[in-house]
Amino acid sequence: PLFVQLMHPASSVDCRRSVEQGVLAVILCSLGSYDIHVRAAGYLALAEFWSQLEGARFREKAQLQMLLGNLMNAVTESNMRIPCLVTSFIAKASRILLRPGHAVYPLLNKFLLQRPVLELNDVPMFYELFN
């Protein structure tokens, strides 16, 4: 409920700072919860964050939209539980996308550009990182 209130369209949110501070990471990790109410709150907060992101202006916005778009395209039912491995990956990836100098940044960008939907039953970037 706190993050839903923070992300509400009536409030002014610095999306980049929310990613840097881990607010988006907490929201994303909530999508892996076994509790349906926690997941529902997470999806609502994510929807609010997405609407805030559409009006935001910062350099890494397009990459972040691509990451979240790939996740949203993978969700096939309301309040669907996403494996914690995938939510942890997306949470970490969201912060890496803000740092173009990070060693994994080029691999992550290539990974996101290759597919419009995240595979939820697979380990993300497993082959890219270990080949």
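The side chains of E60 and R59 meet in a salt bridge, 4.0 Å from N to O. By salt bridge I mean a side-chain nitrogen of Lys or Arg within 4 Å of a carboxyl oxygen of Asp or Glu. This is a predicted model: local features need pLDDT of at least 70, side-chain atom pairs count only at pLDDT 80 or more, and totals for chains, interfaces and linings use all residues. Residues are numbered from 1 along each chain as its sequence is written, and side-chain values use heavy atoms, leaving out hydrogens and water.

Back to the pair. Is E60 buried or exposed? E60 is buried, at 3% relative accessible area. R59 is exposed, at 67%. Buried means under 20% relative accessible area, exposed over 50%, partly exposed in between, with a 1.4 Å probe and protein chains only.

Next partner. R16 also forms a salt bridge with E60, with the closest N and O atoms 3.1 Å apart. That pair links distant parts of the chain: R16 sits in helix 2, E60 in the loop between helix 4 and helix 5, 44 residues apart. Helices are DSSP runs of H or I, at least four residues, numbered from the N terminus.

R16 meets E20 too, at 2.1 Å, N to O. These two are four residues apart in helix 2, so about one helical turn separates them. R16 is partly exposed at 21%, and E20 is partly exposed at 35%.

How many salt bridges does the structure hold? Three. Shared partners join R16, E20, R59 and E60 into one network.

Last, helix 4, residues 36-55. Its buried residues include R39, Y43, L46 and F49.

Terms used. The expected span of a helix is 1.5 Å times one less than its number of residues.
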